[in-house]
Amino acid sequence: MDITLMYYLIPSLIMFCCGVYGFITRKNMIAILISLELMLNAVDINFVVFNRFLFPGQLEGMFFTLFAIAIAAAETALAIAIIINIFRVAKNIDVRDLTKMKF
Amino acid sequence: MDYSQFLAMKQEIGLLVVFLLVFLFDTFMPKKAQGSLSGITCLLFALFTAAGFCPCQLADADAFAGMYVTSPVMVTIKNILNVGVLIVLIQSCRWANSDIQIMRRGEFYELLLVTLFGMYLMISARHFLLFVIGLEAASLPLAAMVAFDKNRYESHEAAVKYILTAVFSSAVFLMGLSFVYGLTGSLYFAKIYEALSVSPESPMLIVALAFVIAGVGFKLSLVPFHLWTADVYQGAPTSVTSYLSVISKGAAAFAFLVILVQVFGTVYSQVWEWMLYAIIILTITIGNLFAIRQRNMKRFLAFSSISQAGYIMLGVIAYNYVGMASMMYYILVYVFSNLAAFGVISAIENKTGLVGMDDYKGLYKTNPRLSVAMMLAMFSLAGIPPFAGFFSKFFIFTGAIQQGSIAIYVLVLIALINTIVSLYYYLLVVKAMFISEDECKVAPFRSSCSERLGLWISVAGIVFLGIVSCVYNYLLELSASSDIFAGL
């Protein structure tokens with residue numbers, strides 16, 4: 001069987017959509033963070049696959065992916081630190097409870 | 001590798017030097033000397049800002065195989081940001097030296113300088129890798145700054161809202177970028193531009209561009225990506241809010257213009273003109289309508305800054321160098337007017353802890369100077385002549401009309417009508433301060449030296465920027481000679 005570009009792109013797109021769905025519906029902040037991680041990883045797959053299949057002569061997409069992974073790690077670390085802060089104050093990490101400020 | 005190319009990054013290196021000095025001072029100096037940290041930071045940054053105006057900075061140069069460029073326009077927009085940051089630093093002295101914050105004020109200055117470095121990279125990047133690094137360096141430390149008031153619950157809530165939406169928006173942005181990469185095979189702005197001019201229209205490009213606009217739109221808090229803005233502005237410490245609303249927005253707006261023109265310039269009329277058109281109308285109108293019903297001053301300024309972002313975007317949709325010049329001028333004026341408003345708010349908040357609009361009733365009787373500064377800021381934001389805000393709005397409308405199509409005339413008309421709506425809510429504050437007969441909750445007080453200095457600089461900017469016409473002429477000349485629109 002011939003593995004083409006689409007075999008990678010469609011799973012990555014599904015991953016991205018799952019991430020968006022999870023971001024919108026999940027109530028636990030850690031679960032929201034996991035959904036965000038899914039979205040970022042879908043992006044990484046996209047870059048690598050485009051690079052590998054469409055432009056095999058260069059490495060731009062691969063390098064971009066390396067940086068994107070590092071950035072995603074930084075984002076997660078920071079988000080978890082903030083969520084821990086919230087947990088210390090509110091003893092709870094449910095987003096439905098973040099309602100002190102609203103219009 | 002040729003290390004001399006680092007010399008092209010004069011301003012970035014200067015900023016890093018300031019950052020390192022502040023960091024070393026904060027870490028290694030004995031306790032006794034620490035008291036002067038705020039003063040030293042302000043002084044170092046003032047020197048750095050002054051160095052930015054040195055004519056030797058105004059040169060075209062690039063580095064790292066064209067990933068980084070600098071030109072007189074870039075230097076100028078960075079200088080505008082520097083002036084704003086300097087005012088923010090001066091105004092935040094009192095807050096940073098308060099008993100609660102004094103332990104960690106070093107971190108505040110360090111994070112602030114790092115985010116500024118990220119914004120520099122955003123402005124100067126000509127490759128999406130560098131741009132994304134700059135974007136993240138500009139937005140991630142800001143989340144830590146929003147969470148700075150460890151003792152206030154709102155600060156944490158705002159930080160969660162900010163970091164989750166920021167990561168979401170950057171994921172969306174990166175997804176769009178991956179489509180652009182798949183279409184064109186490069187991440188260099190110039191190479192994408194070439195590839196798009198060969199094969200302009202494809203459905204994937206439209207999706208990609210929508211994602212990219214959504215991603216940057218989050219940073220700029222354009223409607224419909226604005227929902228985080230009010231909560232984050234309200235929850236964050238006031239110094240951080242002023243930084244977030246002015247500097248971060250100005251840098252993102254300029255970077256947005258560079259991306260849309262230099263990368264997607266060939267598909268202007270086919271694709272993004274109409275996307276931006278709808279976004280501008282929504283941003284200005286919804287920002288205005290929601291601002292009317294706010295009773296908290298920081299939330300109120302959040303919605304006002306949303307609608308101001310819509311006006312700034314008029315300079316992008318104008319798609320010519322006049323639009324760019326007027327956008328830079330608008331950012332400059334916006335820096336001064338918004339920082340004057342935030343200066344008054346933070347002075348009153350530091351003294352009394354009050355931020356409600358009702359608390360400002362009768363302020364003129366107790367604190368006449370602060371209320372006059374606030375009034376000037378509101379007049380400037382609303383665009384009443386002869387203050388700078390009038391001229392910045394005038395120029396940005398002129399720039400947009402130069403584009404020439406009927407649609408843009410309609411857009412400018414809508415923006416004009418919205419200016420009148422915005423007059424209503426800006427004047428509500430003025431009315432509360434001057435006309436209201438109620439007893440004022442804010443007792444007369446004398447604000448600290450740093451706060452007064454910051455306010456004097458901002459008020460001087462509001463009053464004189466409009467009258468001293470050489471500022472706008474200078475920006476116009478710079479834009480006319482810049483190469484940002486050269487490829488068209």
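Biologist: What distance separates the end C-alpha atoms of helix α17 (residues 388–401) of chain B?
Modeller: This is a predicted model, in which local features need pLDDT of at least 70, side-chain atom pairs count only at pLDDT 80 or more, and totals for chains, interfaces and linings use all residues. Residues are numbered from 1 along each chain as its sequence is written, while chains are lettered from A and ligands numbered from 1 in the order in which they are written. Helices (DSSP runs of H or I, at least four residues) and strands (runs of E, at least two) are numbered from the N terminus, and the expected span of a helix is 1.5 Å times one less than its number of residues. The 14 residues of α17(B) should therefore span 20 Å, and this agrees with the distance between the end C-alpha atoms, 20 Å.

Biologist: How many of the 14 residues of α17(B) are buried?
Modeller: A residue is buried if 20 or more other C-beta atoms, placed from the backbone, lie within 10 Å of its own, exposed if 12 or fewer do, and partly exposed in between. Among those buried in α17(B) are F391(B), F395(B) and A400(B), and their cover includes α13, α14 (321–352) and α18 (406–434) of chain B, among others. The helix is largely enclosed by the rest of the structure because the number of its buried residues is 10.

Biologist: Is A236(B) buried or exposed?
Modeller: A236(B) sits in the loop between α10 and α11 (238–262) of chain B. A158(B) is 78 residues away in sequence but 6.4 Å away in space, C-alpha to C-alpha. Because A236(B) has 28 C-beta neighbours inside 10 Å, it counts as buried.

Biologist: How are α12(B) and α13(B) oriented to each other?
Modeller: Axes are lines fitted to C-alpha atoms, for helices over the stretch in contact, and angles between N-to-C directions run from 0 to 180 degrees. The axes of α12 (residues 268–292) and α13 (residues 297–317) of chain B come within 8 Å and cross at roughly 155°. Angles under 35 degrees count as roughly parallel, over 145 as roughly antiparallel, 65 to 115 as roughly perpendicular and the rest as oblique. The two helices, α12(B) and α13(B), are therefore roughly antiparallel.

Biologist: Which element gives the largest share of the side of chain B that touches chain A?
Modeller: Two residues are in contact if their C-beta atoms, placed from the backbone, lie within 7 Å, and 30 residues of chain B are in contact with 33 of chain A. Elements giving two or more residues to this side of chain B are α6 (128–146), α7 (153–184) and α10 (227–235). The largest share, 16 residues, comes from α7(B).

Biologist: Which helix of chain A do the buried residues of α3(A) pack against?
Modeller: Helix α3 (residues 60–90) of chain A has 31 residues and reaches 44 Å from its first C-alpha to its last, close to the expected 45 Å. Its buried residues include F64(A), I71(A) and I82(A). They pack against α6 and α7 of chain B and, in chain A, against α2.
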